[in-house]
Amino acid sequence: MTDAPAHGFDTLQIHAGARPDPATGARQTPIYQTTAYVFRDADHAAALFNLQEVGFIYSRLTNPTVAVLQERIATLEGGVGAVCCSSGHAAQIMALFPLMMPGNNVVVSTRLYGGTVTQFTHTIKRFGWNAKFVDFDDLDAVKAACDDQTRAVFCEAIANPGGYITDLDAISAIADEAGVPLIVDNTSATPYLCRPIEHGATLVVHSTTKYLTGNGTVTGGCIVDSGKFDWSASDKFPSLSAPEPAYHGLKFHETFGALAFTFHGIAIGLRDLGMTMNPQAAHYTLMGTETLSLRMDRHVENAMKIAEWLENDPRIDYVTYAGLKSSPYNKRVEKICPRGAGGLFTFAVKGGYEACVKLVNSLEIFSHVANLGDTRSLIIHSASTTHRQLTEEQQVAAGAAPEVVRVSIGTENAEDLIADLDQALAKATA
Ligand SMILES: *Cc1c(COP(=O)(O)O)cnc(C)c1O
């Protein structure tokens with residue numbers, strides 16, 4: 001199947017990007033385990049290296065198995081193109097790389113995956129980039145943070161770990177006004193629950209490690225381009241609008257139009273940063289995407305049942321799931337993620353830090369791991385693990401206070417998960 005936007009999500013998650021293998025007729029996408037591709041002749045090779053012809057040269061840049069996954073995720077997100085890479089964190093660097101120069105900044109939400117807070121607080125400074133952390137519920141503060149050195153605005157659609165929902169329409173309006181792209185990390189929501197491009201996002205990034213793969217087998221990342229941003233409207237984005245010396249003065253935006261960011265991501269980003277997804281990982285993630293909607297429906301159904309049960313349990317202080325009527329984010333579910341608020345939330349156990357640690361140690365079905373988006377139910381005490389490098393103030397702002405645990409609700413039987421939580425809470429609060 002090539003391009004058939006009329007098809008529904010369940011059809012596209014199986015077929016988009018894939019066609020029977022032209023060499024063998026293989027129905028499933030083969031794992032093209034190859035480093036290089038034979039050129040037809042010297043002219044063909046020269047045209048490929050000059051970006052005058054699109055084709056396969058070397059698997060650091062492009063690979064047929066990875067290409068199917070790129071087309072599939074781009075289709076599911078409603079984008080024009082996508083670049084896959086080695087991890088979600090790689091995707092974040094690859095998304096910022098064409099936009100930022102030393103001295104530039106990105107305006108980011110305080111409610112982010114803990115590793116992203118660390119990457120943006122410390123590591124990107126080595127590139128001369130800076131992140132300005134702002135409460136994205138305070139729209140005036142977001143607006144005020146955008147200055148003439150800002151080159152992007154960054155947030156998560158459903159924010160890890162608390163399951164907070166970002167008002168993407170309001171944030172994208174602010175980014176538009178500032179003349180910079182909005183980058184949305186859609187890892188926790190997936191394109192089944194939320195389509196950030198429909199809410200004004202320019203770029204969507206994923207950790208495909210999570211729900212897109214769905215079973216905790218491989219790490220991967222992806223950047224999807226909406227194709228809607230005018231990179232030449234100002235002089236802010238010279239990597240995309242000005243002549244590129246490494247390709248004989250080619251201008252990416254002028255040459256590739258809506259696909260400028262995607263081509264830059266491959267021809268410069270993967271070529272020079274080398275954060276490439278391998279074809280085995282692409283295979284596992286392709287397998288995962290085939291059942292995405294089925295799994296997400298069950299994740300949401302189970303999360304709702306368990307959040308309601310916890311909220312009514314006297315051993316629990318509060319539950320942050322946005323699917324609950326009591327959540328301040330509940331009113332955003334219908335607008336931003338109408339099929340449900342995802343499978344991720346935190347809850348506070350009476351008894352604080354100590355009780356959280358005992359709870360985690362006492363669970364039998366839930367696994368204590370630093371991952372999310374698995375078919376298995378997972379739990380972690382963020383303050384002592386993923387958000388450990390953060391100050392207590394940052395932990396609270398990120399929704400990872402010491403008295404809360406984060407759960408990623410799996411697709412098991414909800415009553416089994418509730419029974420497991422019940423017995424572990426009894427031990428934790430005894
Ligand atoms: C896991 C995760 C990341 C980082 O992805 P990796 O694949 O682990 O590098 C980024 N954002 C969110 C929301 C995540 O859950």
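**Notebook: looking up residues and the whole chain**

**T190**
I began with T190, which is buried at a relative accessible area of 0%. Here buried means under 20% relative accessible area, exposed means over 50%, and partly exposed is in between, with a 1.4 Å probe and protein chains only. The model is a predicted one, in which local features need pLDDT of at least 70 and side-chain atom pairs need pLDDT 80 or more, while totals for chains, interfaces and linings use all residues. I count residues from 1 along each chain as its sequence is written, and side-chain values rest on heavy atoms, with hydrogens and water left out.

I looked up the place of T190 and found helix α8. Helices (H or I, at least four residues) and strands (E, at least two) are DSSP runs numbered from the N terminus. I also noted the backbone of T190: its phi is near 65 degrees, a positive value in a residue that is not glycine. Most residues other than glycine have a negative phi, and most peptide bonds are trans.

I found another positive phi at H248, about 55 degrees, and H248 is not a glycine either. Is H248 buried or exposed? I have H248 down as exposed, because its relative accessibility is 71%. H248 sits in the loop between α9 (238-241) and α10 (252-256).

Which two residues does a cis peptide bond join? I wrote down N160 and P161, with omega at about 5 degrees. P161 belongs to the loop between β5 (158-159) and β6 (164-165).

**L193**
I returned to helix α8, which covers residues 190-193 and includes L193. L193 counts as buried because its relative accessible area is 2%. What does L193 touch, leaving aside neighbours within four places in sequence? I listed M296, V300, I336, C337, P338, R339, G340 and G342. A contact means heavy atoms within 4.5 Å. For R339 I also looked up the spacing: its C-alpha atom is 5.4 Å from that of L193, although 146 residues separate the two along the chain.

I placed G78 in the loop between α3 (64-77) and β1 (81-85). G78 is partly exposed, at 36% relative accessibility. Not counting residues up to four places away in sequence, G78 touches R195 and I197. From G78 to G227 I have 9.8 Å, C-alpha to C-alpha, across 149 residues of sequence.

I went on to K228, in the loop between β9 (221-225) and α9. K228 is exposed, with 63% relative accessibility.

**Aromatic rings**
How many aromatic pairs does the structure hold? I have 14. One of them is F229 with W231: the ring centres are 4.5 Å apart and the planes meet at 45 degrees, so the pair is tilted. Rings of Phe, Tyr and Trp (its six-membered ring) pair if their centres lie within 6.5 Å; planes under 30 degrees apart count as stacked, over 60 as edge-to-face, and the rest as tilted.

I checked how covered these two residues are. F229 is buried at 15% relative accessible area, and W231 is buried at 2%. F229 and W231 form one aromatic cluster with F237 and F261.

**D422**
I found D422 in helix α17 (residues 414-428). D422 is partly exposed, with a relative accessible area of 35%. Beyond neighbours within four places in sequence, I noted contacts of D422 with W309 and R315. T65 is 357 residues from D422 along the chain, and their C-alpha atoms are 44 Å apart.

**The whole chain**
I ended with the totals. The chain has 17 helices and 14 strands. Its C-alpha trace spans about 75 × 55 × 35 Å along the principal axes. The radius of gyration is 22 Å, which agrees with the value near 22 Å for a compact globule of 430 residues. That radius is taken over C-alpha atoms, and the globule rule is 2.2 Å times the number of residues to the power 0.38.

I noted that 57% of the 430 residues count as buried. Of the contacts between residues at least 6 apart in sequence, 71% join residues at least 24 apart.
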